[in-house]
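This report describes a single protein chain for a reader working with its coordinates. The sequence and model are shown first, and the account follows.

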Amino acid sequence: LHCGDIIDGIMPRNEDTRFLQTPEEFEEYVIQNYPTDFEKNYIISGNHEASLKGINGTDYDFCREVTKHLPGVTYVENQTPIVGPGNIMFYANHGTRSCSTINSPRTKQLKKKTVQLMSSGCFGHIFVYGHCHNFSYIPSYMNATVVGLGCFQNITTYIRKKFTGVDLCG
C-alpha cells in the first residue's frame, strides 16, 4: 500500500532539483521503476501527484494513468477502505495535516487524524497515512493500528531542510 507522493511532482521550491519536468516523464519513470515484487499493491494519490493536474488538465489523475501500465497495482481513491488478507480492513489516507510540528510529534498528529476519521464514521483495523515522508508506527490506538508511511519521492534540498528524517518506502 502506498499512500501518495510517489513522485516529486511540480511543487513549489523544487524547480532546481527536479530531474523530471513533465507528467509524461513522471509516468514513464514510475512505470519503469515502481517495485513489482508483490502479489497485490494499492496506491492513492497525494499532493505531489495532484500537482500535475494543472499541467495536463483538471481531469488528469496521475495514479489512475500510471496504474494502467502496472500489473498488480490497483489505484484507489483517497480514504477508500481496502479489504486485506483475513478480512483485515485497511483505511488509506494521504495524511495531509498529519506531519510533526515543533510542538507535536508525528505520532500525536497521526492519533489526532485517526480520531477525526473515526469520528466521521471511517473504520479500519489499520489506518495508513502518507504525506510526511517518514515512517511512524503506533501498534495499538483505539482498537486500531496506525502506520505513517514514507514515500518514493526524491530527497530534495527542500525536503532535507523541512524534515529531520526521510524514509523512502511505501
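Of the contacts in the protein chain between residues at least 6 apart in sequence, 60% join residues at least 24 apart. The model is a predicted one. The protein chain contains six helices and seven strands, and their order from the N terminus is α-β-α-α-α-β-β-β-α-β-β-β-α. Of the 170 residues in the protein chain, 47% are buried. Its accessible surface amounts to about 9,200 Å², with 52% of that area belonging to carbon and sulfur atoms.

Strand β7 spans residues 144-148, and five of its five residues are buried. Cover is found on both faces of the strand: Ala144, Val146 and Gly148 lie on one side, Thr145 and Val147 lie on the other, and all are buried.

Two pairings of β7 can be described. Strand β5 (residues 126-129) runs parallel to β7 and is joined to it by four bridges; within this pairing, tyrosine 129 stands opposite glycine 148. Strand β6 (residues 136-141) pairs with β7 in the antiparallel sense, also over four bridges, and here tyrosine 141 stands opposite alanine 144. The hairpin of β6 and β7 has two residues between the strands, and methionine 142 in this hairpin takes a positive phi near 50°.

**The disulfide**

The structure holds one disulfide, which joins cysteine 99 to cysteine 132 with an S to S distance of 2.1 Å. The pair links distant parts of the chain, 33 residues apart: cysteine 99 belongs to the loop between β4 (89-93) and α5 (106-119), and cysteine 132 to the loop between β5 and β6. The torsion about the S-S bond of cysteine 99 and cysteine 132 is about -105°, and the disulfide is therefore left-handed.

Cysteine 99 has a relative accessibility of 15% and so counts as buried; cysteine 132, at 1%, is buried as well.

**Salt bridges**

Side chains of opposite charge can pair when their charged atoms come close. A search of the whole structure finds two salt bridges. In one of them, the side chains of arginine 64 and glutamate 77 meet at 2.8 Å, N to O. Arginine 64 lies in helix α4 (residues 62-67) and glutamate 77 in the loop between β2 (73-75) and β3 (81-83), so this pair ties together parts that are 13 residues apart in sequence. The side chains of lysine 68 and glutamate 65 also meet in a salt bridge, at 3.2 Å, N to O.

| Residue | Relative accessibility | Class |
|---|---|---|
| Arginine 64 | 38% | partly exposed |
| Glutamate 77 | 42% | partly exposed |
| Lysine 68 | 57% | exposed |
| Glutamate 65 | 26% | partly exposed |

Which class does lysine 68 fall into at 57% relative accessibility? Lysine 68 counts as exposed, because the threshold for that class is over 50%.

Terms used. Residues numbered from 1 in each chain as written. Predicted model: local features only at pLDDT ≥ 70, side-chain atom pairs only at ≥ 80, totals over all residues. Heavy atoms only, no water. Buried < 20%, exposed > 50% of the residue type's maximum accessible area, 1.4 Å probe, protein only. Pairing = 2+ DSSP bridges. Salt bridge = Lys/Arg side-chain N within 4 Å of Asp/Glu carboxyl O. Disulfide = S-S within 2.5 Å. Contact = heavy atoms within 4.5 Å. Areas by Shrake-Rupley, 256 points an atom, 1.4 Å probe, with all protein chains shown as cover.
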